[in-house]
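Hi everyone, thanks for having me. I'd like to walk you through one protein today, starting with the whole thing and then stopping at a few spots. Have a look at the screen.

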Amino acid sequence: MKKITSIDSLRQIAKEYKKIESKYEYILHVCFGASCVSSGSEEVADALNAALDKYNISDKVLIRKTGCIGACDKGPSLYITPGDTYYTNLVAEDMERIVSEHLIQGNIVEEKCYLDDSGTSYITNINDIPFFNKQKKIVLNNCGVLDYSSIDGYISREGYIGFAKAILEMTPKKVVNELKESGLRGRGGGGFPTGLKLELALKEKNDMKYLVCNADEGDPGAFMDRALLEGDPHAVLEGMLLAGYGIGASKGFIYVRAEYPLAIERIEHSIKQAREYGLLGKNIMGTDFSFDIEIRIGAGAFVCGEETSLMHSIEGKRGEPRQKPPFPSTSGIDGKPTVINNVETLANIAKIILKGANWFRQFGTEDSKGTKIFALAGAVKNTGIIEVPMGTTLGEVLFDIGGGTKNKKQFKAAQTGGPSGGCLTPAQLNTPIDYNSLKVLGSIMGSGGLISMDEDNCMVDVARYFMEFVKDESCGKCLPCRVGTTRMLEILEKITKGHGEEGDIEKLIELGENIKESALCGLGQTAPNPVLSTIKWFRDEYEEHIYQKKCRAGVCQEMMISPCENACPAGVNVPGYLALISANKVRDAYDLIRQDNPFPAVCGRVCTHPCESKCRRGQVDEPIAIAALKRYAADVVYALDEPFQEEKLPLKDKSVGIIGGGPSGLSAGYHLARLGYDVTVYEAADRAGGCLALTIPEYRLPRDILHKEIKAIENIGVKILRNMRVGKDIAFEEVKRRHDAVYIATGTHIARKMGIKGENLAGVYPGFEILQMPKDVIKRIVEGKKIAVIGGGNTAIDVARVTKRLGAKSVEIIYRRTIDDMPADELEIREALYEGVIIHTMVNPVAILGNKEVEKIRLLKHAPGRFDDTARKVSVPIEGSEYDIDVDVVIPTIRQNEDLSFMGIESIKLNSTSGTSKTDIEGVFAGGDVLQRSSTVIEAIADGKQAAIDIDIYLGGKGILNKGKEIEIPKPDDEQDLAEHPRFTFPSLPLEERQNNFNEVFSRFDKLSAIAEAMRCLRCDRR
């Protein structure tokens, strides 16, 4: 094979390669990255070749095996040019159709193309896919389009031109200066300036110098180096040649872990090709520069990613760090000057020398130039390898490129820098990702691992996982790392098992700080970062684990019965009552629910069922219909109409007054009465139930069902004084005098103003008031009229559906964010749309127009802006985008304020040192909406339960609720086979039967469907 001696010879090779390439009508790029190979790309390529042979068009099509194109969760994939068509998630059986329809008939097979993040439409052109078009590929420019095994292919894409330019036209010092001028910083950890590192080695006088490529990628979730070595190995070799030339090295090592056999195979092949072309070896391109490369395979020890440990491993010694100075650039391998850079750093060098420092500096920020590759993993829709300019915000990476969290889960944190890094929170989504910004927040860039986490991740468990990793990977040479990480892990394990104690957090902080200051190497010094970072940003989760013995994410299994039970604010034993239903023990199921929740029939209808969001069955097919089964148990028991007795303790000599007869107050009364307390509820309205009776429409919650549940609470001794307004009919001080403890659960009743022009016109009604009006009154207001409802919560949806039922000509909801951001229950939103309600999103009312009465509403369009602290994008007004719509009635449904005038105060404060419901007024407790924290029925019920516990402790009890007789729960069937089956359905009223009536929309399960649905439970309570 002819040796390359000049830039012209490189250009001739490129010309000949492109000439051959131009003979084909199509080029088919089949991804052969490690992920696609493991998913079956070999079978796909074989089937593709067979299909081409079958249709006799093999001579018209060039198949190119490429490295990872980036979208790792979409493989095996196929990228076709011309046309830039991108096919995803292929199987061998797809290939004949693609050949027949696309290559022969010219018709794109859309259903095999990229499904957008909404899951509703296919994107055929790769340039229209946000995952790709929002990136800037410099280092990854060849991956996914280059035949990784072809040196000629690499040369055809300007490969080795930069090296030839440097070796033939530039001195080593000029090469180093160009890299210094570019601002390139090391991509493997702390971001040390690459040019400066090379300059230090260049200045050393020695007859032997070494250049090392650190490909010992050991961070959990990181696979950037592997992708580059597999997809563009010659870019790494060219970078090593340039760096070696810059410092005067004659020997290079690629230190790669044995877990990367595909990368090793491809880099070995590329080294062989480079030697054959004379690009490695003696007197390269006829110059005095000689340089060769060897591969050294590591055993996978994480500590060997640290440069001094890596050098020891290359020397054949135990991989342990040593103190610095001397630094490797002075005394490295065998005591010789050594420069160590990671794969991505080296892959940048050829681009910089080819196009110049100024070209590179146009990307990135002032202190962090260029782009950065990230391995995007975890709780995002789109995982894989991405490359973005430095300074791109975390939110842009996770939501614009990553597509956001899966299944509409709440984003919680992002881990950057692997075990040496830290966590970033929703409040930091607008943070530019660069070296300095991350350092300020207590994290690091690291090599580029970026793990997204959502509400299903426990941050204490995340810290435990990383600490377990670094403890196991510690080389053990220094005491702080060897013993300190062990002690930290022991504390974390104790906390996650529910045995945490006061002072554990402080011990973790003290240990972490000491290890950071005294460990020998960089890995040990950064080992505590994930723990310290999670304590800093998520201390409340640590405190919940320690003091409340609760893991909000449902991960720490020893602290709960099951994830669904843990997610229920009231702590109902979900797998227990599902098991009882599956065994047709419905009465026992009902009794088990009422141990913690006195409103099973109500919650079976209106609960937002957070338990279902944690149901592990959803990872198989669909979550269990937990709420519907709760309703089934209650409805079956109530249909029997049999009297039954609640077990209650003997009457105590102490009484409790409860102000407010809503779900929170009645729940507190229920539990306190079962403990034997004399309980009196003071309710201002003529009926008990609060929002359940006053504002939730009957098509969702029939009043007879609510009355049965309230009657059951009264039957155990809770006295409800209706039409008794505290502050008017009885003084608050009198209530305090009569009772040993008082629970305030008055909810919120004062409508807030929108603060816009025209909201005092006739025809503007607060949504909370509308829902409390008699139906005939509402009908007179809305019949035949155009209604605008302002807001996006459940109240807005209820108002819209009620007015639609009562004859409104049209009902339009106005909401300032996207429909996915609406806080209303997803099912209720779907039902509203089905019933003909129109939802306008990304608009906000700025004025209500009319002469005495409402005539129009003026809306201002909004656009998504920066992220807020809840990971939602702020709705930003678009100047000059106002428009009017004709309306007759405007109904704002913004949140109400609490009314505590009966106490002579504006708001109430909890005593943070004494539990969750005790206020700073002696003997007075509070919960529910009055605290502006419980926004759902089940949260209000949970507040009432907690208040009962706190009040019992205050009055001398042990805070243990009386749950009655023990109910035997059937044991799980360990022999049961898991077969996929979606949830069973129950009937609903057709659209034509919903108009002008308030009949309940959904029916309950029949017996067989209920049992079958309950049997889908995976029984996560098994131990």
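I'll begin with the overall picture and then move on to some details. Please keep in mind that this is a predicted model.

The protein has 38 helices and 27 strands. Along the principal axes, the C-alpha atoms fill a box of roughly 105 × 70 × 65 Å. Now take the contacts with a separation of 6 or more: 72% of them come from residues 24 or more positions apart.

What about the outside? The protein exposes about 41,600 Å², and carbon and sulfur atoms supply 48% of that. As for charges, there are 130 positive and 145 negative ones, and their mean positions are 2 Å apart.

Okay, let's zoom in on helices. Helix α7 covers residues 161-169, and its buried residues are Ile161, Gly162, Phe163, Ala164, Ala166 and Ile167. Which elements cover them? Among them are α1, α8, α11 and α14. Next, find helix α16, residues 394-401, where Leu394, Gly395, Val397, Leu398 and Ile401 are buried. After α16 comes Gly403, which has a positive phi, near 85°.

Is Ala693 buried or exposed? Ala693 counts as buried, because its relative accessibility is 3%. Leaving out residues up to four places away in sequence, Ala693 touches Arg687, Ala688, Arg703 and Leu706. Leu706 is 13 residues along the chain from Ala693, and their C-alpha atoms are separated by 7.4 Å.

Now for the rings. A pair of aromatic rings is described by the distance of the centres and the angle of the planes. The structure holds 19 aromatic pairs. One of them is Tyr210 with Phe253, a tilted pair with 5.7 Å centre to centre and 35° between the planes. This pair links distant parts of the chain, with Tyr210 in strand β7 and Phe253 in strand β8, 43 residues apart. Tyr210 is buried, since its relative accessible area is 9%, and Phe253 counts as buried at 5%. Another tilted pair is Trp359 and Phe360, at 6.4 Å centre to centre and 50° between the planes. Phe360 is at 0% relative accessibility, so Phe360 counts as buried. There's also a cluster: ring pairs link Tyr86, Tyr114, Phe131 and Phe132.

Last stop, the backbone in the loops. Between β3 and β4 there is a loop holding Pro82, and the peptide bond from Thr81 to Pro82 is cis, with omega near -5°. Asp84 sits in the loop between β3 and β4 too, and Asp84 has a positive phi of about 55° although it is not a glycine. Asp84 is partly exposed, with a relative accessible area of 23%.

Where is the cis bond with omega about 0°? That one joins Lys324 and Pro325, and Pro325 lies in the loop between α13 and β10. Finally, Asn56, in the loop between α3 and β2, is not a glycine but has a positive phi of about 60°. Asn56 counts as exposed, because its relative accessibility is 65%.

Technical notes: Residues numbered from 1 in each chain as written. Predicted model: local features only at pLDDT ≥ 70, side-chain atom pairs only at ≥ 80, totals over all residues. Heavy atoms only, no water. Buried < 20%, exposed > 50% of the residue type's maximum accessible area, 1.4 Å probe, protein only. Helix = DSSP H or I, 4+ residues; strand = E, 2+ residues; numbered from the N terminus. Contact = heavy atoms within 4.5 Å. Areas by Shrake-Rupley, 256 points an atom, 1.4 Å probe, with all protein chains shown as cover. Lys, Arg positive; Asp, Glu negative; His and termini not counted. Charge placed at Lys NZ, Arg CZ, Asp CG, Glu CD. Phe/Tyr/Trp six-rings, centres within 6.5 Å; stacked < 30°, edge-to-face > 60°.
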